[in-house]
Amino acid sequence: MGSEWLYYTQLLHSCNTHSLLHHGRQLHPLFLKKGILNSALTVGNRLLQMYVKCGSMVDARTLFDEMPQRNCFSWNTLIEGYMVSGGGGGDRGKSLELFQSMPQRNEYSWNVVISGLAKAGDLRHARLLFDQMPMKNGIACNSMIHGYYRHGHPREALRVFKDLNLNRLDASGRNSFVLATVVSACTHLLDIDCGKQILAQIIVNGVEFDPILGSSLVNLYGKCGDLDSARHVLSSMEEPDDFSLSALITGYANVGRMSDARSAFDQMVNPSVVVWNSVIAGYVFNNEDMEALVLFNMMRENGFREDFSTVSSLLCACTSIGGLGHGKQLHAHACKLGVSKDVIVSTSLIDMYSKCGSADDGCKLFRELEFCDTILLNSMINVYCNSGKVQEAKQIFDTMPHRTLISWNSMIVGLSQNGWPHLALDVFRDMNDLEIKMDKFSLASVISACASISALEHGEQAFARATIIGLEADPIICTSLIDFYCKCGCVDLGRKLFSGMENPDQATWNSMLMGYATNGHGLDSLNLFNHMQHVGVQPNDITFTAILSACDHCGLVKEARKWFHLMHSEYYISPGFEHYSCMIDLLARAGCLEEAMGLIEDMPFDADSSMWSAVLRGCTAHGNRDLGEKVAALAMDLDPTNAGAYVQLASVFASSGDWHGSSKVRSRMKGKNVEKNPAFQQVWSKTGTKWGSRTRPVVANGWPVVVTMAIAATVFSGRETSSRYG
């Protein structure tokens, strides 16, 4: 029987996959027939183990329930089988039920359950059992450390490690894999002091620097900025591996020391693709995009085959330099390599196309993808919103399997910036109802949405939420609130908030300057600009848009001419479209029509209809009929449906007493079926809308009546907005 039993044992041992399950099942009735299954516990345990290895938990549980005798091995085998089979929560539940029912547990029982729960991310139950464990061992402690770190709780991982009695648990204190995990937790927290303590322990215990532990330590020092220590650790390794060298190069790149990174790279005899990628990524990170492209060519000349990481970095370089041609070449190259559908490469390609002005190509690529992760979907929300395709962005957002905070913020910003502030508020209310943790960008975005519809009460409620979570002094929140108050006409409140800020940045100064300008406080805006210069805050193009807008609103022609000239000659800022638009409008209002026309002729881009309309208004106000006719013709050629050009030209004739000419223009307008746009009255109320008469159509909250009716039904739903957040 001994040799026969040995043969059967070997057969059971060989049945370890699902495809061999039928062979194992044939042995089961044979053991019953020979009467050895119920007489020898070892046979039952072997058969039970076979069923578990083959993934047949139903057969395993049936056998387990029929076994007349069981020991810890029997229980542990079934518990472990449920823990690893399928990975579903129900199986883990059965493992826990069995564990709780065990008449006697050994160390392996505790280790199996704690390790399984920690790997699955069920850290709460894993920690409860870990705390109940009578005698903690190295395996259980290591499982908790790895579980906490892998699932985003590095501080808890360090706490468990520090609580260990390493003298008692020698193996765990010398386990390089565990130590590498703990060092990585220190890196995540940028806790270099804790990392140094662990390094001291490594040296005292004589732990060898294997590639994983060595690269973890180099990465820690690199990310914490202690690059001398990083190089010292690297020199302590007998044979520094590519991952450790890559970590050092990345550390140099992160602090802008690309010359040192390149020096370390050049000293290598045969660097791997990982190291090449680190240097290329370092150049891109430091905005040395051409160097990245040059190094890529060198990489190919040396016979190295690039991978998805190389392509992703190079696409970022093309994005930075606006090189659409290079980007398309890389796209074609990625297709040849077979990495174009990689989610990281796809995200980089879509970002490149969007930022290089070819968003349609990015959208086309997105539609061809078979798999998308959350990061890529977030990118597409931004791409669609930046292209004005809000419906497509909202469809992605509504069907996302998992939304991050970035998803919510991107959707709120996209809706607000594309003229859908009410729907932005609706998304914010949903976010609040789901108790999603908000950050400064969420709240700043919703305050901006409130600003666009001058919803004073709702904006203040959003600021109240910012105060509750401790963000009331955040510069981004305060800047948004200043802009919000000014757009609601509460300039004094905006200035009060601005004056209470410590060291406001350039964006905050610009918000206050623009607030003064748009509310007609031109002199206050200029005085504040002088103070801005006095405290040493450098102006940018937005600053000068605010200054010229202030001059435009208040008719300060001399000041406007001065700053329009100085922005280029003294601050080296080339005037953009907005700057020219402000100057042309101001000069036309002041009657300097020839000077306005001169600016239009000299500016480096074509005038739009708003510029011609500004000059035409000036011709009407100052009775310049000849120029008015010329400008009106240009405006009509640019936009034949522009009713304003016809109306203003008719006014030019009327102001000079030529009623026949005025009537002729209106007849021409009627003959071309060009209709005058109706006047709109903007209404905002806490309950949503207010309607006007047929003769004077009303736009509620800045929306057409039909749209506003839909919003009133779908967004507010008869609810008081203030009860939903704040």
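This note goes through ring pairs, pockets, cysteines and some loop residues in a predicted model.

1. Basis. The model is predicted, so local features are taken at pLDDT of at least 70 and side-chain atom pairs at pLDDT 80 or more, while totals for chains, interfaces and linings use all residues. Residues are numbered from 1 along each chain as its sequence is written, and side-chain values use heavy atoms, with hydrogens and water left out.

2. Aromatic pairs. Rings of Phe, Tyr and Trp (its six-membered ring) are paired if their centres lie within 6.5 Å; planes under 30 degrees apart are stacked, over 60 edge-to-face, and the rest tilted. The count by this rule is 15 aromatic pairs. In one of them, Phe-544 and Trp-563, the ring centres are 6.5 Å apart and the planes stand at 45 degrees, so the pair is tilted. Phe-544 is in helix H34 (residues 541–554) and Trp-563 in helix H35 (residues 557–569), 19 residues apart, and the pair links these distant parts of the chain. Helices here are DSSP runs (H or I, at least four residues; strands are E, at least two), numbered from the N terminus.

3. The cut-offs are under 20% relative accessible area for buried, over 50% for exposed and partly exposed in between, with a 1.4 Å probe and protein chains only. Phe-544 also pairs with Tyr-571: the centres are 5.4 Å apart and the planes at 55 degrees, so this pair is tilted. Tyr-571 lies in the loop between H35 and helix H36 (577–589), so its pair with Phe-544 of H34 ties together parts 27 residues apart in sequence. Tyr-571 is buried, as is Phe-544. Ring pairs join Phe-529, Phe-544, Trp-563 and Tyr-571 into a cluster.

4. Charges over rings. The criterion is NZ of Lys or CZ of Arg within 6 Å of the ring centre and within 35 degrees of the ring normal. Arg-105 lies over the face of Phe-99, 4.3 Å from the ring centre. Arg-403 lies over the face of Phe-397, at 4.2 Å from the ring centre.

5. Largest pocket. A pocket is an open set of points on a 1 Å grid over the protein atoms alone, where a 1.4 Å probe fits, with protein on both sides within 12 Å along at least five of seven lines; lining residues have an atom within 4 Å of a point. Volume is the space filled by probe spheres set on the points, which are joined across faces, edges and corners. The largest pocket holds about 440 Å³. It is lined by 17 residues, of which Thr-479, Asp-483, Ala-507, Asn-510 and Ser-511 are the closest to its centre. Helix H30 (475–487) and helix H32 (506–518) are the elements that give two or more residues to this lining. The lining comprises 6 nonpolar, 8 polar and 3 charged residues, where Ala, Val, Leu, Ile, Met, Phe, Trp, Tyr, Cys and Pro are nonpolar, Asp, Glu, Lys and Arg charged, and the others, Gly among them, polar.

6. Second largest pocket. This pocket has about 250 Å³ of space. Helix H19 (289–301) and helix H21 (324–337) each supply at least two lining residues, and H19 gives the largest share, 6 residues. Among the lining residues are Met-290, Arg-300, Cys-318 and His-333. By class the lining has 6 nonpolar, 4 polar and 1 charged.

7. Cysteines. The whole structure has 0 disulfides, a disulfide being a pair of cysteine sulfur atoms within 2.5 Å. For Cys-356 the closest cysteine sulfur is that of Cys-318, at 7.2 Å, too far for a bond. Cys-356 is buried at 16% relative accessibility. The sulfur of Cys-551 is 7.9 Å from its closest cysteine sulfur, in Cys-554, again too far for a bond; Cys-551 is buried at 0%.

8. Positive phi. Most residues other than glycine have a negative phi. Asn-287 is not a glycine, yet has a positive phi of about 60 degrees. Asn-287 lies in the loop between helix H18 (273–285) and H19 and is exposed, at 60% relative accessible area. Ser-454, also not a glycine, has a positive phi of about 50 degrees. Ser-454 is in the loop between helix H28 (440–452) and helix H29 (456–468) and is partly exposed at 33%.
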